[in-house]
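The stops below are meant to be taken in order.

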Amino acid sequence: MSVIPMISIGSVIPDLVIIVVVGFSLYYGQFFGTIFGAFAGLFFDLVSGGVLGSAMFAKTIGGFIAGYFYNENKIDYNTSSMFFLLIVFLTAAINSFFYLLLTSSEIKLTTSYLILEQGILPGIYTTFFALPVIIYNQRRKGL
Amino acid sequence: MPQFIRVFLSKFKEYIVLVLLLILSLVLITLNNNDKVRNVRLYTLGFFASLNSSLLQLTSVFENTEYIESLEKHNAELMLENNRLRIYGLENQKLNDILNFQSTTNYKIETAKIISRLVSKINGYFIINKGIENEISEGMPVITDEGFVGIIIESSENYSVVRTFENSLFKVAVKIQRSNVNGILNWDGKNLLINNVPTTDDVEVGDRVVISELSSILPPTIPVGIVSEKESTVSGVLSNLKIKPFVELNSTRNVMVIKVHKSNELDSLLYKIVGGEK
């Protein structure tokens with residue numbers, strides 16, 4: 001919570017929690033990924049002071065979506081290749097979209113704003129922060 | 001039948017868990033104002049805020065924070081005084097004499113450090129390192145030496161949550177300081193706006209915007225920003241004003257809490273009017 005503001009670009013902020021949720025889903029599957037996403041979101045809601053339940057909702061969906069890419073035989077490939085970045089991007093964008101949707105009931109937002117500025121841009125920025133994960137995994141496995 | 005249920009559960013367990021967790025999170029959203037839920041929140045918030053605070057102390061070990069805080073507090077006091085003087089200059093002195101106008105704006109100020117923040121253009125929240133122990137409570141305004149920042153929405157023993165003006169739930173009565181035109185300030189996700197101001201009202205780009213006397217939760221005269229744009233609606237009868245805030249929230253590290261609870265004061269007055277006691 002103290003570090004994130006330092007690495008935000010304007011209103012675009014990386015969601016480091018969703019990277020962990022994606023990693024967990026890819027390692028342990030959709031069922032556990034969904035549950036982990038819910039707990040991670042609840043934890044985030046509790047410590048951030050935001051609307052309780054909003055991040056829980058978004059990250060539950062995030063964990064569920066990332067879980068679709070779980071494959072017991074391809075765990076190494078999924079977590080150490082560019083495929084991981086693609087999953088992070090997709091999950092982060094959807095997570096961000098739903099989080100905003102739930103917490104902005106009081107204001108009128110255009111669809112393009114929701115998709116682009118609060119979906120795709122945070123997704124791209126979060127993906128950037130997932131790069132060290134695949135670099136670390138590749139080195140660890142000597143790929 | 002149990003066999004069928006078992007097969008169904010094992011086949012669709014991911015979907016069942018998803019639906020249950022989503023329902024649970026939606027229920028939690030609706031229970032945000034529930035006392036028990038709030039207590040749990042305050043407890044966990046206090047715990048993690050203290051961890052965060054310790055981390056911040058480590059990172060700012062070389063800073064003379066006390067000196068900076070005292071200077072910022074002094075700046076905030078000067079800012080409030082300066083704003084009060086502006087109003088005095090604008091008001092008719094003769095009317096003030098007749099009404100026996102007395103200053104009621106000598107506020108107590110408590111400096112605080114932002115120890116955590118939820119950076120979002122839709123849901124801006126800060127957590128500060130002062131709470132009930134420092135006589136800070138819900139509804140108190142938070143400022144910097146430049147102007148208005150937000151409102152305290154929750155307080156634990158040592159920490160408080162501030163809803164900043166960059167929050168979709170933020171709404172406050174403000175006025176144009178020069179012409180006393182009132183309006184409701186709100187955040188649309190990108191800009192601070194005062195919507196639906198009659199075009200005939202005396203508002204110009206560059207006018208200062210301050211908290212209005214009509215606000216039931218905040219004390220008046222706290223500066224908020226300046227009018228940066230004036231756009232007429234399609235009908236041409238109303239205008240929307242874009243406000244450029246004085247405070248840049250991203251770079252704000254220390255804030256001041258004004259120890260005033262206007263809603264309580266108003267409540268007690270209303271009670272007197274209706275013949276009750278408070």
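This is a predicted model: local features need pLDDT of at least 70, side-chain atom pairs count only at pLDDT 80 or more; totals for chains, interfaces and linings use all residues.

Residues are numbered from 1 along each chain as its sequence is written, while chains are lettered from A and ligands numbered from 1 in the order in which they are written.

**Stop 1: α2 and α3 of chain A**

Select residues 30–48 of chain A, which form helix α3, and residues 16–28 of chain A, which form helix α2. Helices (H or I, at least four residues) and strands (E, at least two) are DSSP runs, numbered from the N terminus. The axes of α2(A) and α3(A) are 7 Å apart, at an angle of about 160°. Axes are lines fitted to C-alpha atoms, for helices over the stretch in contact, and angles run from 0 to 180 degrees between N-to-C directions. The two helices are therefore roughly antiparallel (under 35 degrees counts as roughly parallel, over 145 as roughly antiparallel, 65 to 115 as roughly perpendicular and the rest as oblique).

Show side chains next. Residues of α2(A) including A:V17, A:F24 and A:Y28 meet residues of α3(A), among them A:F32, A:F36 and A:F44; contact requires C-beta atoms, placed from the backbone, within 7 Å. By class, this contact has nine nonpolar, four polar and no charged residues (Ala, Val, Leu, Ile, Met, Phe, Trp, Tyr, Cys and Pro are nonpolar, Asp, Glu, Lys and Arg charged, and the others, Gly among them, polar).

**Stop 2: α2 and α7 of chain A**

A:L16, A:I18, A:I19 and A:G23 meet A:T126, A:F129, A:A130 and A:V133 here.

**Stop 3: A:T103**

Select A:T103, in helix α6 (residues 82–103) of chain A. Is A:T103 buried or exposed? It is buried, because 24 C-beta neighbours lie inside 10 Å (20 or more other C-beta atoms within 10 Å means buried, 12 or fewer exposed, in between partly exposed; C-beta atoms are placed from the backbone). Leaving aside residues up to four places away in sequence, A:T103 touches A:G50, A:V51, A:S54, B:I122, B:N123 and B:S168.

**Stop 4: the contact between chains**

Colour by chain. The contact takes 35 residues from chain B and 33 residues from chain A. On the chain B side, the largest share, 10 residues, comes from α1(B).

How values were computed:
Two residues are in contact if their C-beta atoms, placed from the backbone, lie within 7 Å.
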